[in-house]
Structures are given as structure tokens and as C-alpha cells.
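Open the model in your viewer and keep the selection tool ready. Each stop below says what to select next and what is there.

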Amino acid sequence: MTDLRLIVDGDVERPAVLSYADLAALDREYQISDVSRLDPKRKGEAVRLAGLLTRVRPKPSARYLTLHASRDDFHASIPLDAVRERAILIYRLDGRPLDESAGGPLRFYIPDFAACHTSEIDECANVKFVDRLEFSAEPGLDNRPHDAQEHAALHEKEAK
Ligand SMILES: Nc1nc2c(c(=O)[nH]1)N[C@H]1C(S)=C(S)[C@@H](COP(=O)(O)O)O[C@H]1N2
Ligand SMILES: [Mo]
């Protein structure tokens, strides 16, 4: 298990490096004890992005959120307003820190995403192993697959 270390930077009042304990310490109102109640396809424990935002305080200029996974060099940049209130970060499963096989130690998740490569908020933006949240005025790095072929190639790679 890799230790959770989430960098939050860019256009925020209080940049931070958050640990597992920091996420667990966010106010109860932001904690989700059973993700399956939000989305029957998923399980685990999570914290709402909204809770994290109260801590780092994005500046008014922050219109995009870029999700970085350095582990496999996967990145997605999405409009912040579209996910501010609905995205969650899954950090526990079965009473343990989220395993890499489930996208841990931390997985960004949007409960009602669109199908892959159909919009900015698609299934592909559910970034696994996310280790940096970067806020910015303009879209940031995004290397999600653009079409069905690229998508199939990525899943092939993921399965290895
Ligand atoms: N770090 C990382 N996150 C990722 C990917 C990836 O290759 N690397 N693939 C994305 C794509 S294209 C999809 S469709 C979903 C698949 O999630 P699942 O394996 O939980 O169904 O994860 C997304 N998150
Ligand atoms: Mo995808």
C-alpha cells in the first residue's frame, strides 16, 4: 500500500499536501460512509470534493480542475463548476486504505458521469491514483483517450 499524499495547488488560497488523516479529518458533513448509496456500481468510503475545497479555498479565477495521476502519467482537466458539488474522492474500501487495484490510494469519482469521450465530464475523468489536484483559469494537461480506438488501447494497457 502506498501512503496517500495529495498535492493541491494552483489557484487556491491555501495550497496543501494532504494525508490520509487530513481527508478523514474533514467535517463529517462531507464524509460518505458508503459510496454504493450514491452509485450502486461503486463502493467504499469517500470525502466530497466540496469538503476539500473548504480547506484549500479555490480563488475566483479557478475555473478548471486538473486531476493528475503521476503513477501512470494519466491526466484529465475538467470545468470546476461541473464537479464542485458532486465529485468525491474515494479513500477507503472494506475498512482499509483503498488498494491500488481499485485505483487507490485515492480515486477521483463523479457519480453521474457521461459515457467515455462524450463530454468533459466523462467516465475517463474518474482518475485513479490521483496525487495532485491543480486549479487554474484555463484547461490544464489532459491526455484522456479521444476516440474508441485510443480508449480500447488504454484499457488494454490498464489490464496488464
Ligand atoms: N490513473 C488512471 N485513471 C484512469 C484511467 C487510467 O488509465 N489511469 N483510465 C480512465 C478511463 S478511460 C476509464 S473509462 C475509467 C475506468 O474505470 P474502471 O476501471 O474503474 O471502470 O478510469 C479512468 N481513470
Ligand atoms: Mo474511459
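Which of the 16 residues around ligand 1 come nearest? Select R42, D72, R107, N126 and K128: these come nearest to ligand 1. A residue is near a molecule if one of its heavy atoms lies within 4 Å of it.

Before going on, note that this is a predicted model, in which local features need pLDDT of at least 70, side-chain atom pairs count only at pLDDT 80 or more, and totals for chains, interfaces and linings use all residues. Residues are numbered from 1 along each chain as its sequence is written, chains are lettered from A and ligands numbered from 1 in the order in which they are written, and side-chain values use heavy atoms, with hydrogens and water left out.

**Stop 1: ligand 1**

Start with R107. An N or O atom of its side chain is 2.7 Å from an oxygen atom of ligand 1. Now pick R42. Here a side-chain N or O atom is 3.0 Å from an oxygen atom of ligand 1. At N126, the backbone takes over: one of its N or O atoms lies 3.0 Å from a nitrogen atom of the ligand. On its own, ligand 1 has 540 Å² of accessible area, and the protein covers 89% of it. Such areas come from the Shrake-Rupley method with a 1.4 Å probe; for residues, only the protein chains shown count as cover.

Select the whole shell next. It divides into seven nonpolar, three polar and six charged residues. Here Ala, Val, Leu, Ile, Met, Phe, Trp, Tyr, Cys and Pro count as nonpolar, Asp, Glu, Lys and Arg as charged, and the others, Gly among them, as polar.

**Stop 2: helix α4**

Which helix gives the most to the shell around ligand 1? Select residues 148-159: helix α4 gives the most, with four residues. Helices (H or I, at least four residues) and strands (E, at least two) are DSSP runs, numbered from the N terminus.

Stay in α4 and click E158. Buried means under 20% relative accessible area, exposed over 50%, partly exposed in between (1.4 Å probe, protein chains only).

**Stop 3: D73 and H75**

Move to D73, in the loop between β5 and β6. D73 is not a glycine, yet its phi is positive, about 55 degrees. Then select H75, in strand β6 (residues 74-79). H75 counts as buried because its relative accessibility is 7%. Show both side chains: a polar contact of 2.7 Å joins H75 and D73. A polar contact is a pair of N or O atoms within 3.5 Å; within protein, one must be able to donate a hydrogen and the other to accept it, and residues adjacent in sequence count only if both atoms are side-chain atoms.

**Stop 4**

Select residues 49-56, helix α2. Six of its eight residues are buried: L49, A50, G51, L52, L53 and V56. At 42% relative accessibility, R57 counts as partly exposed.

**Stop 5: G104 and P105**

Finish at P105, in the loop between β8 (96-97) and β9 (107-109). A cis peptide bond joins G104 and P105, with omega about 10 degrees. Most residues other than glycine have a negative phi, and most peptide bonds are trans.
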